[in-house]
Amino acid sequence: MNPIELLEQSRNSSAVAFHKFVLLHREFGTDLFCFYEGKDTHYYFPKINQIYKDNHHPIICGNKKSVIETYEKVIPKYNNLKTAFFIDRDFDEKVENEKLYCTPCYSIENLYCSESVLSKILKNEFMLHEIDDEYKLIINLFKQNQDEFHRSVKLFNAWYATAKEKAKKNNTIVNVSLNEKFPKDFAIIKIGNITSNYTLNDIINKYPDSIQVTEEELNDKLKFFDENCNSCSFRGKYEIEFFSLFLKYLIEDANIKNEILKKKTKFSVDGAQILSQLSQYSETPECLIDYITKIKNCA
């Protein structure tokens, strides 16, 4: 972990989050206090505004572990206050705790990457409709390329999921630090040309310090992903990387190539800001609506 990441981690630790909460609740004790991982507030804040409506305070805890640690600090002493805690499921089992909201997919990023989200963007940013040939062509192109993308990243996702399960079972760590982007040496991810050429041995050679996973251990997870291969199943940061790439492809086509889209667009996508840019189009699972509604009704 580099110095910048260490500084960011220290700023977003559970101890810092708890201290912020203590200071806030002294002045705004009747408000709702919401605890998040990393940049997840960009997704949750507008969703809570739509449902809860009253004043609420986002508190960044850092990672999933920090949110849970903060929960364990807050709940015993401040259980009478209005609080909400949000975590990603990742490749773990879903947390069954009515006070902790856990995503139904890998992470909030997955909720930005479906066909229904793309449909909203096509209608509102590119001014297309279901009856338009361009709309139909783009949806089909998206499905084809997303299927190819999933086939290309399936093995890596299965390896990582298996490694996490094995580490948890053996009470150890995976000992892998993944980047936000899919490893470039494993796949070419370009719209219209998505290919992969890597094996389990290639993964092991790239991450030699990680917990060891055998082909036999990998088979069950590969079978699971064969049956559940969609934008909710895989690591969210890779999913949104692909989705952002597809949107940039459409923008370039509209403004330069004009192979599919004949009208220019002012719509743009910034990978660093995509969670806030596209939050209005992201999916809102029923379980999230139920979670926030329950808090609202108990207020």
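Reader: Does α6 pass α9 in a left-handed or a right-handed crossing?
Author: α6 passes α9 in a right-handed crossing (the near helix is turned clockwise from the far one by less than a right angle; helices are DSSP runs of H or I, at least four residues, numbered from the N terminus). This is a predicted model, in which local features need pLDDT of at least 70, side-chain atom pairs count only at pLDDT 80 or more, and totals for chains, interfaces and linings use all residues. Residues are numbered from 1 along each chain as its sequence is written, and side-chain values use heavy atoms, leaving out hydrogens and water.

Reader: At what angle do they pack, and how far apart are the axes?
Author: Helix α6, residues 133-169, packs against helix α9, residues 236-257, at an angle of about 150° with their axes 11 Å apart, and the two are therefore roughly antiparallel (over 145 degrees, on a 0 to 180 scale between N-to-C directions of axes fitted to C-alpha atoms over the stretch in contact).

Reader: Which residues make the contact?
Author: Among them are Phe142, Phe149 and Phe156 of α6, together with Phe242, Phe246 and Tyr249 of α9, where contact means heavy atoms within 4.5 Å.

Reader: Switching to the largest nonpolar core, which residues touch the most other members?
Author: Of its 79 residues, those are Phe86, Leu118, Phe126, Phe156 and Trp159, and α6 gives the most to this core, with 15 residues. Members are nonpolar residues joined through side-chain atoms within 4.5 Å and buried, under 20% relative accessible area with a 1.4 Å probe.

Reader: What is Phe86 in contact with, leaving aside neighbours within four places in sequence?
Author: The partners of Phe86 include Cys34, Tyr44, Val67, Tyr101 and Leu288.

Conventions. Angles under 35 degrees count as roughly parallel, over 145 as roughly antiparallel, 65 to 115 as roughly perpendicular and the rest as oblique. Buried means under 20% relative accessible area, exposed over 50%, partly exposed in between (1.4 Å probe, protein chains only).
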